[in-house]
Each structure stands twice: as C-alpha cells, then as structure tokens.
Amino acid sequence: MKLKKQVTVCGGAIFCVAVFSLYLMLDRVQHDPARRQNGGGNFPRSQISVLQNRIEQLEQLLEENHQIISHIKDSVLELTDTGAVSPSGQLPFRSANGSWVLPFDGRPTFLSVKPQDCQFAQGRRGQTDLQMLDVYSLLKFDNVDGGVWKQGFEITYEPGEWDSEPLQVFVVPHSHNDPGWIKTFDKYYTDQTQHIFNNMLVKLTEDPRRKFIWSEISYFAKWWESADMHKQEAMRKLILGGQLEMVTGGWVMSDEANVHYFAMIDQLIEGHQWLEKNVGVTPRSGWAVDPFGHSATMPYLLKRANLTSMLIQRVHYSIKKHFASIRSLEFMWRQAWDQKSGTDIFCHMMPFYSYDVPHTCGPDPKICCQFDFKRLPGGRVNCPWKVPPRAVVEANVAERAHLLLDQYRKKSKLFRSKVVLVPLGDDFRYDKALEWDQQYLNYQRLFDYMNSHPEMHVQAQFGTLTEYFTAVYKANNVPQGARPPDYPVLSGDFFAYADREDHYWSGYYTSRPFYKSMDRVLESHLRGAEILFSLAVAHARHTGMEGRYPTSDYTLLTDARRTVALFQHHDAITGTAKENVVIDYGNRYLVLFNPVEQDRLCVVTVLVNSARVRVLTEDGQTLPVQLSAQWSSASQMSAEASFMVRLPALGLAVFHLYDSADTPMTLRSETLLRLSGRGQTAHAVDPLPLRSQTADPQPFYTSTQSLTLGFSGTTGLLEQSIRRKDDPQELKVQIQFVTYGTRSSKDKSGAYLFLPDGKAKPYSQKEPPVVRVVEGPLFSEVVAFYQHFQQTIRIHNVPGVDGLSLDVTTMVDIREQSNKELAMRLVTDIQNDDTFYTDLNGFQMQPRRRFLKLPLQANFYPIASQAYIQDSQHRLTLHSAQALGATSLESGQLEVILDRRLMQDDNRGLGQGLKDNKKTANRFRLLLESRSTGNKSEWKHGPTSFPSLLSHLTSAILNHEVIALPVLPKKRGIPPLHTFAPFTGALPCDFHVINLRSIQHQQDTHSPSPYTALILHRKGLDCGLETPNPGFNCTTTEGQLGLSSLFRNLDLQLLQPVSLSLMYSSPPMANDSSVSLEPMEISAFRLKLR
C-alpha cells in the first residue's frame, strides 16, 4: 500500500470516527430517549397534504424569525463591544517593566503530592548481576579477530561432556517477513508471503514432526481473509496442534528505538485480539530478530501481556562476545526501577552475527552455510565461503551429522543448559515448495541418524520457540517463566547497535523525520478517536439510543488501528501530515478536544481569513484574543487568532467565533523585523502593526510572567540565558546549529548507519538571518530565518504548565544539501560531566554515559519523547514530539540530529540513500527546572531517574495537542453543541490514560462488543525538583483510583483486571472497588459501561 493511500485511509478513518463520536455526545443531551413516536395513526391523504403545507409555511416563518434574531444579535454585539469583559472580569494590561499581565478565569487551583508518592524515586533498587552501564564501562570494544567466529573466540569442549545428559537440539524453521521494506506490504504479500502460507499448509501437514514459527500477524490476517473455510480450518488445526506457533503475535515485529509505547501496546493488542477471535490461541514467547537494538520497554510489555519468554538478536557484537564468554546469553531481564523481581522475563540472546542460517547453527558460518539446503548447487543462492551444501544421502549422512553436531555442541557451550536453539530461516524464506522439501527432508535424515546413534548423545528435532524454552525450564527443574538457578539478572537496554567494526546503527534514529513526526500526530489522533468512540457508544447505550449511533464506524477505527500499527514495523515507522486549515470565521463554532486526562489551561491558535474576530465562550462571555501575523515567508503575512481556554480532561468545549469589529478584548501583537538592511522590506496586513529596524549585535530579551529569555542580536537564536521568575539564578542556555558530513572513503553514512567525518562543524551562511520578534498578551516569540531552517521560540503568558516551558519549533529543509546532517545543540552551564538521560519509548528514562573509548556515533541514542542533563542545581529537559537521535558530547551540552540527507546506500540491504527529504517541522518543549533546596546536597547520578511531575505534564501537552474541529451552524439556529466533561472529578495527576479502547465483537467483525479496555499507566515521579502550580487541581492518591463513579452519567457494570493485550482475565472485582497501581505500572481492565 502506498504511503499516500495509507495516510488517506488512516486519517479519514480517525477523523470520521472522532466527528461522529463528537456529535453524538454533544447532541445526546438534546434528546429525550423516552420520547418515541407511536406508529399507529391513519390519516386521510387530504389531511396529510394540509399538514405538509402548514409545516412548510411554519418553516418559512421560522427561517425569517431566525434571520431577524440574527440581525438583532449582531446589533447587540456591536452595541456592547466596548463593555465586553473576560470571565475574570478584567482586561489584560502591561506591567511597569513592559511585560503583559493576563488575568485568567481566577479559578483557584492546588497541588498536593503525597510524600508516599515520592518515595519510589528515592527507594533502593534490587541488585542485578548485569547492569548495562557497568558492562559498557567494563568492555574494551577492541574487536579482536576471533578466528572462524570473527567477532568471538575459539570454542572447545570435551567429548564426554554430554555422556550423562544428552544434548537437546531444537531446530526452529522460520521466515522473517518485513511488512514493507524494499517492496510494499502488498507487493511482498503477492510475490512471496502468500506462497509461504500456502506451502506451509501443505508441507507441515505431510509430517507431524515438522514445525514452524510465525510472528507478523498483519500478513497472516491478510492470508486468512482470502482463504476459504477449509484452508482456515486446516491452518487452525496446525496451530492448535503445536506444529505452527505464533510468536510475539503483534501486528508487526515492532521497532524498539523510535516507537512510542502507546503504539507498541496498540499493535500488540491488535495482533492478539485478531488471534483470539480467529484462531483461539494466545502467544507465549517473544521473537525479535530484526529490530536494530533492543529497548527495556519491550520485555516489560511482553511480561504484562503474560508472555513467559523472549528472544532478541541485534545486539552490539562486543556485548554478545562478553555475554558468551561468561555464559550469560540467557538471563532474566528486569526493569531498572523494579525494587523486587515482578518485572522479570526470561530472555535468550542469539550469540552470532545474524539470524540467517550461516550464523545460527554454530560459530563457523562456513560450515553452517553447508546446512542451508536452499543453497544447494543449481539454485539462485549460494554460500559466500565457496563450500556448497550437499544433499544428505546414506553415503554421507554419518559425516554430515558429525560435522553439524560439532557446531551444535560448540554453540551449546555458550549457554548454561544442555539445550540448544537453532533457528533455520531468513528473510522471506520458504516461499517455494522446493525449499520446504530441501530443508525438511535433509534435516530429518540428519535427525534420524543422530537420534538412532546413542553414542552421539544427542536428541535432535524440529521444534517451536516455546518448545525450546519449555525444555530449558524442564532441564533446570523450574516452572515456565521462572528464573533457573544461577541464571543472571540483567537491567538496562541494548542501544546503540553495531554489527561490525565501528558501524553503529545510530543514523536511523533520525532518518526521515517527517514520517516520524507525522506518526506521532496520527497516534495522538487515533487515541483521541478511540476514547471518543468508546464514550459515545457507552452514552448511546445509557440513553437507549444504540440504534441511532452508527457503530459500523468501528470498521473505520479498526482500519485506522491497523494502519498505525503497520507504521511501527522496524523498517517503516511513518505517518501523515496534519494540515492547517484556514477557516472562514464569519459565524462558526469551534469544538476543542483535550486529549489529556487532566484539565488544561492553554493558548489555542487558529488561522483566520480576517483580522475582525471575536471569541465567545459557550455561555456568551467574550475572551481576550491576540491577533497575530501568519507568515507565508520571512516578510509576508496574513492573520491568526490566539485565545486562552480551560478545557475539561478528555473532554470537549465549544466556542463561538464571530466576525466583529474591534473590542477592548481584541489585542494585536506587536511585530518587529530585525533586518540586515540590504534592501529588505516587509509587507504587513492591515490592521496588524509591523515595525522594522536594522539588526544590531546587542542581545535582546523577551519575557512573560514566568520566564525571561535572552537572544543574540546577531543570530536571533537563544544565546544569553533562561530565567524563571521564582529562581534568582539565571542559567546560560545557548542554541547552536551544527552539521555533520560523512566519510570520504570506504563506508559512508546511510539510512541506518551514522559514519561522520569527524566532529560537527558550526552551521554558517553568507547572509545574516532575518529575525522576527512578536510580543503580545498571550504569547511572545522570536523567529530566526536561515537558508536551511527557521527556528521559532515561543513562550506562553499563561499560568500553569503551558507557560513554564519554551515552545521550540525548527522547520528544516535540507533538500539542497548533499551528505549533510543538521543538528541542534544546547550549550549550558549545567555540570552533568559525562552522564545524560534519554527516554525509552516515552515510557521510562535510561541513564547514558559518554565514553571516549567509543567513536562519536556510538554515543548517540534514540529519544522518543525527551532527553535531559542535570546537576545538583538544575535539570534541563528537551521534550520532543518526534523520535530523533540525541547525545551529550561535552559537559553542559545536549544535542539532537534534526534531519539527514545522504546520497548513498550504507550496504545494509536498502539499496538507496536518503534523498527523499521533506520540509519538516521538528517540535520541542524546553523545560528548565530547579532542584529543591533540601535535595541539592543529596543529589547524585544513579542507575535510575524519573521525570518530575511538571515534566510529565509538559510531555503530555506537547504530544497530545488540542484538536480543533470547526463546525458550521445548522441551517436554522444554533447547533446543539455543549461542553462535554466525561469525568466526575480529576484523575490523580500521576495517572495516564494510555487508551480507552472498544473491544472487538466475537461474532460481528464490524461492531464493537459491549466491553471497553481501559489501559492505565501510573508514572514514576522525581519530587526533588521544585513543582510550581500546574494551573489545574493536581493531587496524587498513592496509586488508588475509584472507577465506579469516575465516568459522568455512566454506570459501571463490570470491572475486570486483564493482561495487557486483553487475552488473560482475572476474576471480576466489585464494581465499587478502587484499582491500585504501583509507580511505573501499566495495567489493563475490561469495563462494561452503559
């Protein structure tokens, strides 16, 4: 499926579902479900005709009446313009120092965080045997030649080691199918994947000893939908009979660096729900052979989904070698913040270079390749080591079996049990019937020989992944998923990945940032649509209007889920654009949806086609409006309107935008253009004031009630400082732009690899930038225009979260560049030394250390939502609305790569460079926090770290922007639109609603069931940073949340804890029970709301 089609389908589906849900909820209060028309009466046709004429006359009179009322309303509004007031009863005014003071609604708010909710971040962690930061400190990363196992070492064994306990060998056939990489998803399916399934059905049925594993449910679902009932039943029999195992069971094999945990969970649910409905099977083991590095978030999510074991492959070759040398390739993977062992999951790390056949049977690829029988002479694929496979026959079976067993034994020496796993497959393997015969028949001859010769002390067979793990647990005499005796416990993650030499896969963290950004927008819109749809259906049921609500929209929602899920594939994380729409505000209603689970006080900006605009609340009060320029270039502008709103949590609020003459509540921004003086002119739109002056090198400042920023008079970039009004210290913060080139010879940077030609060079251009300074009561901003980017720094003059950080947008366009990567670097006074922090999937923070023994590119890490540096005084967090690569290369610095344009392939299979760049807006929030007085002396870097409450809230408003839906009035009169607040009270402000997801109907694919999945995450908090008032009532409750009375006007009829992917259910709780979550815990519940 082409990107444009995916974007259209997904965007359209999300929008339709959101709008239908919106209208039902806003409209429901206007209708009494008890009012039903009786179907009985019989009227003569003549009477009906008379009634129709009278109704038409009445309609005409009503229309005229509405026009008269509309004219009267216009007149009244114009007459009362000079007396209009805001909800606070005050007008904005300038203070003595020139900054704007903006009275807001005056509603008292409070912050109450219980001390018990702060103890988690301060608590002692359980010790782990392997902490990845310590492993990095220990290793030399020297890449010594290991012989036949180039990246390892020579493996030896004693012949009698298996005399008392024979070696168990599980050969696991598999085929890795990328849902879109070099070909599209549909093209891969048509050319190869459908044939794999069709051959699988025939070939597995021929011999019950044959096994296979499959992971990508997106492909399996596509095959299933086109198969007849007989094929479906035959495939179901293979799965339920244990010959075919579904591993992980997600819609795709998810990326683990760029993807957000909302999408990781959502695609896992989509795959598991499909399997439950169509096959009746629940995955037990995870299989991730191709993500480019592995996140600690994935084992947690799999554990919460009730999987017991997992496998990973792409790990730095030096780490693999080290783990192999201490026989720690199998371990219990524990979350760094886990104080006990509740998050442990058993993990198997594949030891060698790749997951293809030459690198899975043992340490010598030259020998292993001889047992990839697809490479038999005469085929299209051969062995690079020049020794081809030979078909197994009676004359050579003994020699072949002993040669292969030697590799199996050597591989088993790297593990702690006498059970060895041997994957047998590669990308898109088994698409020809011939390969099924070549692999299965030759291996079966080898197994039969080995198993019939007791002196070989081996039991070899085809197996599934779970059969291997079960054998390991049995050999260690422990239950499924339990820690075997003496097996190590590990915490941390496996970034950055290098497959050889200094080839670090840290480039793809940023590659194609346009799609990464749009993916995140889509996720937020999908989540919003899910929540609105679930609430709409519940309210329809509550009011007896199920028949009126088009629940067939569930099909659109399912399409949107699957499209977004497909984007999370490790080769194709992508998305669609959110367009700005200029709205004719002659007389229009604007419905604003707040996707955040807390009340929200914020500035909303909309484009308008007129500078005459007035904004009314639902009850008719006039709001202050800041009119500003919408710039089409550095010096060409039209208009936009900004106003401050308070929105209910996960709710909707209605505003009336009205074409009106100026009022005291209409406040125009003051715009100053700082020009180089070389013939540049500016063109204003009347009546927006515009001044220009010749730029000078003196610094200039802009401020709100909360922040003061200092800018360079020369560059227009933040250069001097950030000062918070409640902090006597100002912090030097300078923004620089730098560029990386790529190597001039041999291997070069590409889509995956980052291979720079040395340290970054300062970005420079011949002409000085045009700098625009805008000041107004609601926001002030500074925009610097450069050839390849423009940076906008905006600060909102709003109480609470929205006004406490810098809104930073960098519009990047490097399409004229060649082999360049553009980075934004923050330079500060913070003394973080060599330690910095990046997030994993928006779920948790991971401490990082800059290692001088590693090349520059090895010190870059993925960020999905934030990175920060800190010392005993301050923390500076760069929140990001898109996944990028980040680092700290010097103390006090924080750096992100914004875009990459590379003209060549990096020899990792893609076959092309990065030349399809788009103009991309990278959006950030920059948050400066001061450490509270009592914590300054006690603070130190540790193995765990958590964002503050303010930081969590800042991330939420950045990643879940207010969604504005313009609504035309109905033909006659005001539309029945009203504020909708779904909650009766405030959620604890350390709780996040990951999703409120309608669960599929078991019989009707196109309709939702009566049940809804509520997925909650309780955040871990660092309370050692000063927390100002967030602008809404914010409390914590030690993890307790009462659900029975949470949803306004809805009855809770079922409350049942379930596993994360909804496959396993615990006994229902009493409906009036409170649910309890530990810090960092993600939990899911099945609800029945009506």
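Helix α15 passes helix α16 in a left-handed crossing. The model is predicted, and this helix pair is one of two described here, along with a mostly covered helix, α10.

**The α15–α16 pair**

Helix α15 spans residues 513–542, and helix α16 spans residues 554–567. Their axes come within 11 Å and cross at roughly 150°. Angles over 145 degrees count as roughly antiparallel, so α15 and α16 are roughly antiparallel to each other. From α15, the contact draws on Asp-519, Leu-522, Glu-523, Leu-526, Ala-529, Glu-530 and Phe-533. Across from them, α16 supplies Tyr-554, Leu-557, Ala-560, Arg-561, Val-564 and Phe-567. By class, the residues of this contact are nine nonpolar and four charged, with no polar ones.

**The α5–α7 pair**

Helix α5 covers residues 185–206, and helix α7 covers residues 229–240. They pack at an angle of about 60°, with their axes 10 Å apart. The two helices are therefore oblique to each other. Their crossing is left-handed. On the α5 side, the contact residues are Phe-197, Asn-198, Met-200, Leu-201, Leu-204 and Thr-205. On the α7 side, they are Lys-231, Ala-234, Met-235 and Leu-238. Seven residues of this contact are nonpolar, two are polar and one is charged.

The axis geometry of the pairs is set out below.

| Helix pair | Axis angle | Axis distance |
|---|---|---|
| α15 and α16 | roughly 150° | within 11 Å |
| α5 and α7 | about 60° | 10 Å |

**Helix α10**

How many of the nine residues of α10 are buried? Seven are, and the helix, residues 317–325, is mostly covered. The buried residues are Tyr-317, Ser-318, Ile-319, Lys-320, His-322, Phe-323 and Ala-324. What do they pack against? Their partners are the helix α4 (132–138) and the strands β4 (130–131), β10 (330–333), β11 (345–349) and β14 (489–491). Just after α10, Arg-327 takes a positive phi of about 50°.

**The chain as a whole**

The protein chain holds 17 helices and 50 strands. It has 1090 residues, and 61% of them count as buried. Among contacts in the chain with a separation of 6 or more, 75% come from residues 24 or more positions apart. The accessible surface of the chain is about 41400 Å². Carbon and sulfur atoms account for 50% of that surface.

Notes. Residues numbered from 1 in each chain as written. Predicted model: local features only at pLDDT ≥ 70, side-chain atom pairs only at ≥ 80, totals over all residues. Heavy atoms only, no water. Axes fitted to C-alpha atoms, helices over the stretch in contact; angles between N-to-C directions. Helix = DSSP H or I, 4+ residues; strand = E, 2+ residues; numbered from the N terminus. Parallel < 35°, antiparallel > 145°, perpendicular 65-115°, else oblique. Left-handed = near helix turned anticlockwise from the far one by under 90°. Contact = heavy atoms within 4.5 Å. Nonpolar A, V, L, I, M, F, W, Y, C, P; charged D, E, K, R; others polar. Buried < 20%, exposed > 50% of the residue type's maximum accessible area, 1.4 Å probe, protein only. Areas by Shrake-Rupley, 256 points an atom, 1.4 Å probe, with all protein chains shown as cover.
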